[in-house]
Amino acid sequence: MIAPSADPNANARLISEAALFAAHAHGTQTRADRGDPYLVHLAEVAAMCAMLEPFDPVLVAAAWLHDTVEDTGVREPILRERFGDEIADLVMDVTDPADLRGDARRQRQVDHTRDAGDRVKRLKLADKTSNVEELLDLPHEAFDAGGNAGYLLWARKVVDVCRGLEPRLEARFDRSAARLEAEIEAARKRESGS
């Protein structure tokens, strides 16, 4: 097991091991809207978390791993064995229950995040920011105005329960959300012919 440490070299190894583990776990997965490697999303979320002060190696490692249980064959015991309870607990705290779908899943995420600790909120804030930014500047034929509007509404609800922790990251989300909202309106105008 690799654990967080006061030694910056050990923390660099921990984060590198989490990134490598995530790369193997997600393999050739791609992001639905852009088609770029899924690893790009994980790197974005980890980079956002790494910029927060004070630096939190557990948060950054968990950012790399945050979708492994939900989107790959990796199971919780493997994360616990490889990365310890602190990181595994954080990953599991941001993992949606497999039996929830649709509105129930979205509402549970809002409710759970509201009641969760600061690390969960920081990770969710970075994740939602990356997801919204993925939808920006898509080609017209790949842009789903209705789907993106629905996602944006949900993302804002999640981010709203995280507010007050990381003003700079919240501002980045808000700028990206405003841009996406403008793109949604432009797409709806194109669709209606006005």
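**Reading cysteines and helix H3**

Reply: In this predicted model, the sulfur of cysteine 49 lies 11 Å from the closest cysteine sulfur, which belongs to cysteine 162, and that is too far for a bond.

Me: How many disulfides does the count come to, and by what cut-off is a pair judged?

Reply: A disulfide is taken to be a pair of cysteine sulfur atoms within 2.5 Å, and by this rule the count comes to zero. Cysteine 49 is buried, with a relative accessible area of 1%, and cysteine 162, at 1% relative accessibility, counts as buried too.

Me: Is helix H3 mostly covered or mostly exposed, and what do its buried residues pack against?

Reply: Burial is judged by a relative accessible area under 20%, and nine of the nine residues of H3 are buried, so that the helix is mostly covered by this definition. Among the buried residues are Pro57, Val60 and Trp64, and the buried residues of H3 pack against helices H1, H2, H4, H5 and H7. At the N-terminal end, aspartate 56 caps H3, with a side-chain oxygen 3.1 Å from the backbone nitrogen of valine 58.

Me: How are H3 and H5 oriented to each other, and which residues make the contact?

Reply: Angles of 65 to 115 degrees count as roughly perpendicular. The axes of H3 (residues 57–65) and H5 (residues 76–93) come within 9 Å and cross at roughly 100°, and the two helices are therefore roughly perpendicular to each other. The contact involves Val58, Leu59, Ala61, Ala62 and Leu65 of H3, together with Leu79, Phe83, Glu86, Ile87, Leu90 and Val91 of H5; by class, this contact has 10 nonpolar residues, no polar residues and one charged residue.

Methods
Residues numbered from 1 in each chain as written. Predicted model: local features only at pLDDT ≥ 70, side-chain atom pairs only at ≥ 80, totals over all residues. Heavy atoms only, no water. Axes fitted to C-alpha atoms, helices over the stretch in contact; angles between N-to-C directions. Helix = DSSP H or I, 4+ residues; strand = E, 2+ residues; numbered from the N terminus. Parallel < 35°, antiparallel > 145°, perpendicular 65-115°, else oblique. Contact = heavy atoms within 4.5 Å. Nonpolar A, V, L, I, M, F, W, Y, C, P; charged D, E, K, R; others polar. Buried < 20%, exposed > 50% of the residue type's maximum accessible area, 1.4 Å probe, protein only. Polar contact = N/O pair within 3.5 Å; in protein donor to acceptor, adjacent residues only side chain to side chain.
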